Amino acid sequence: MTAIVPGTVPKSSPRGSGARARMLRSLLPALSLALVLIAIAWLNPRAISYFGFNLMLNLAIPIALATIAQMFVIAGNELDLSIGTFVGFVGCVTATWLRDAPLIGVAVLLGSIGVYALLGALIHLRNLPSIVVTLGMSFVWQGLAILILPKPGGKAPDWLLAIMSFKPPYIPFPILAALIIAAVVHFGLMRTSYGVILRGSGGNAAALRRAGWSLLRTKIVLFALTGLFGVLSGMALIGITTSADANIGNGYTLLSIAGVILGGGEFVGGRVSPIGAVIGALTLALAASPLLTFMHIPPDWQVAANGAILIIVLAARVLISRRER
Amino acid sequence: MLQAIADIVRLDGAEKHFGAVRALNGVDFHVGAGECVGLVGHNGAGKSTLMHMVAGTLRPDGGQIAVRGNAEASYSVARALELGIRCVFQELSLCPNLSVAENTRINHPALAGFGWRRKAADLIQTKLDEIFPDHGISADDVAGDLSIGRRQMVEVARAFTLTREPLHLVILDEPTSSLDAHTAGQLLAFVRRFVTSGGSCILISHVLGEVLQNADRIVVMRDGKVVAADAAGAFDRDKLVAAMGGAEGHQKAAAETTKTEVGALRVRARPARQQDGKELVARAGEIIGLAGLAGHGQTDLLLAIFSAASRAKAGVEVTAPVALVAGDRQADGIFAQWSIAQNIGIRSLQRLRNGLLISPQREAEFADFWKKKIGIRTPDMNNNIFSLSGGNQQKALFARALGSDAEIVLMDDPMRGVDIGTKLEVYDLVREEAAKGRTFLWYTTETEELDNCDQVYVFKNGRIVANLGRDELTEEKIIQSSFGDAA
């Protein structure tokens, strides 16, 4: 968990307060996760175990992948409202073609990443609001998913089932997967030299253009990465649930946006954090049902309670950001 | 030819239009090796446009650009960087979400691969130490956390960092605007060292002393043209100010605009209810005032003229395209859901088109030009029009009309609820545009504003009751005609 604190202790005073507030803010996702974990441990100590985590974080991997997907578009000051139905579409492809005709399945999934890249190009070239374009696309994906799988069914490929039911020693698989996802994306986006350009396109696009970088390319890359992680999310989801349903991913759109924001990201300005986003996704996955079940909140009220938790955490963030100014 | 090779960059007859306006009107400009050229001029004189051209961010509409004696047919930012030409733009162009080292990386494609972070940090740190000793900036600092002065220091230092690309010419556009005297001195001393060692520099500054002391040669621009260029020693402060021109208050200008020549006829209009032969006549380059009590037919006549421009109308003759600046801007002027840029561009869509579609780039260029020209105070022209103060909204509406191809501009009491500072700026602009041959028909309820007009028609009950020349214009006379004779 210490990895999320990138800044060292500020040295000089003028920007000390800004750096301190930023550090506080980057700690907030970890803090909220810790709070949820402590609450769970207090309500049900037996849940904090290898088996318990495997069960509670069951769905955390696809949520984390979808959150990372959303984070890439947000890094470029855009928003993807189609990620949920896209995950559903990928799920349907995975449970049918990827099992029965792997070549077609792979081609369709790669093609859908290509569609995402084209959307990025379209949004950049015609200066369209991404919200409108992706909202439209969400119906396209949903429709395609229903065409592929009119009623729930299908079956995940065996190799996928094998991967998702992998039981490493000591560390529960969801936690291991989350660590790997966070580390890989953090390196790619935060540490590589092209990652700087991708984030810069959200921070000050005009400056990037003047330095001779292609904004079309950055937008295409960001959207293609969203598509890629959307595909991974859909596949992971089917690996866990074993069969698909056209509506299986619908909740992921808002979950992924909430995860990014919970993880310290901002809607504009290219300020995102892959590690924070993964933590945000874990927090949401834990707060979603395990915590509320342990609190004996009836299922009817769980969705509302989930929203309340989200509001509390985001309000805390706003308070900290306000102090920054 | 030798002379040409000694030049780092040379522009011949560079032209740039934004809509109907010529931002650059055939400018010849060159920078030699080992030379610091000072560039001065008022806001909107075309300095920044010229520098954007040298840096490759704007393409000239006409003229040639040559670097080191070779004509560059397809000049671009990437090409400029390759040739060792860099620019520190007036607007800060750091990414606030990135660290100082990461911002350095953006300007250096060569900073990639393993260990680029360290290399970038060392590069910027060394340059900062060299230019601004004890700057107190760390390469890990996030740019958005730095004070504006420190951001400017980083930006300047970044322009002088060296990796794969050569470095021959640095354009510094107002580099000291956010620096205190001490750091500004450090920067200028560094610029002198850089020039002595064979580099070239273009220094744009409103602080004339800086330019006089540090430039080898000074170029003065006005209205998109170079009006003076000589060795720095040949200028002093007063000469520079005189060459820049227009600094003296607007009152003098107002008195000067006595027209002798008669321009082409632009408008001849008779109000619908006019019974006698009186009619309104406006010629090219004239500012015509419509006076009288509010609501006595002035607006009706303006609207009649406006519709006559597209469809023939009895009693009204219009010979050029018309634009209207609405008086009630909330109801008639503004597209409430649109950005400032879109609000300005709507009258000039023909020219902003690219094929069948509107080019967002041209729209942005057009809007940015007018932002500077008319001084619209906003951080971003893509903001909603309502993010502006009332005066600035009105400026946007003026920009819409003045940026269009209209030779006749109708103004329907546009200054309602506008602050005096904005008013004075707009008066100057109107006179400037009139001097270039535009015709203004200006209905106003404020008598002082009529001082700007060459000819004033007083209205009463939908009729023209008096026609006053510039020299016979007094408030008394207007009031007298407004209330007097035909009841």
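**Close-up views of a predicted two-chain model**

**View 1. A:Cys92 sits in helix H4 of chain A, which covers residues 83-95.** The model is predicted. Setting aside neighbours within four places in sequence, the contacts of A:Cys92 are A:Ala145, A:Ile148, A:Leu149, A:Gly154, A:Ala244 and A:Ala246. A:Arg20 is 72 residues away along the chain from A:Cys92. The C-alpha atoms of A:Cys92 and A:Arg20 are 46 Å apart.

**View 2. Helices H3 (residues 60-75) and H12 (residues 215-241) of chain A cross at roughly 170°.** Their axes come within 8 Å. The two helices are therefore roughly antiparallel to each other, since an angle over 145 degrees falls in that class. From H3(A), the contact takes in A:Ile61, A:Pro62, A:Leu65, A:Ala66, A:Ile68, A:Ala69, A:Phe72, A:Val73 and A:Ala75. H12(A) meets them with A:Leu222, A:Phe223, A:Leu225, A:Thr226, A:Phe229, A:Gly230, A:Leu232, A:Ser233, A:Ala236, A:Leu237 and A:Ile240. By class, the residues of this contact are 17 nonpolar, three polar and no charged.

**View 3. A:Asn77 has a positive phi in the loop between H3 and H4 of chain A.** The phi value is near 65°. A:Asn77 is a residue other than glycine. A:Asn77 counts as partly exposed, with 18 C-beta neighbours inside 10 Å.

**View 4. A:Thr242 also has a positive phi, near 70°.** A:Thr242 is another non-glycine residue. The loop that holds A:Thr242 runs between H12 and helix H13 (252-262) of chain A. With 14 C-beta neighbours inside 10 Å, A:Thr242 counts as partly exposed.

**View 5. Chain A as a whole has 16 helices and zero strands.** The radius of gyration of chain A is 20 Å, close to the 20 Å from the globule rule for 325 residues, so chain A is as compact as a globular protein of that length. The C-alpha trace of chain A spans about 60 × 55 × 35 Å along its principal axes. Of the 325 residues, 50% count as buried. Take the contacts in chain A between residues at least 6 apart in sequence: 78% of them join residues at least 24 apart.

**View 6. Helix H11 of chain B, residues 298-308, carries the buried residues B:Gln298, B:Leu301, B:Leu302 and B:Ile305.** Seen down the axis of H11(B), the buried residues fall within an arc of 100°, so they line one face of the helix.

**View 7. B:Gly144 lies in the loop between helix H5 (116-131) and helix H6 (148-159) of chain B.** B:Gly144 is partly exposed, with 19 other C-beta atoms within 10 Å. The buried class needs 20 or more. Leaving aside neighbours within four places in sequence, B:Gly144 is in contact with B:Pro96 and B:Asn97. B:Arg463 is 319 residues away from B:Gly144 along the chain. Their C-alpha atoms are separated by 61 Å.

**View 8. Chain B as a whole has 18 helices and 21 strands.** Its C-alpha atoms fill a box of roughly 85 × 50 × 40 Å, taken along the principal axes. Buried residues make up 46% of the 487 residues in chain B. Among contacts in chain B between residues at least 6 apart in sequence, 68% join residues at least 24 apart.

How values were computed: Residues numbered from 1 in each chain as written. Chains lettered and ligands numbered in written order. Predicted model: local features only at pLDDT ≥ 70, side-chain atom pairs only at ≥ 80, totals over all residues. Axes fitted to C-alpha atoms, helices over the stretch in contact; angles between N-to-C directions. Helix = DSSP H or I, 4+ residues; strand = E, 2+ residues; numbered from the N terminus. Parallel < 35°, antiparallel > 145°, perpendicular 65-115°, else oblique. Contact = placed C-beta atoms within 7 Å. Nonpolar A, V, L, I, M, F, W, Y, C, P; charged D, E, K, R; others polar. Rg over C-alpha atoms; globule rule 2.2 N^0.38 Å. Buried ≥ 20, exposed ≤ 12 C-beta atoms within 10 Å, placed from the backbone. Arc of directions from axis to C-beta.
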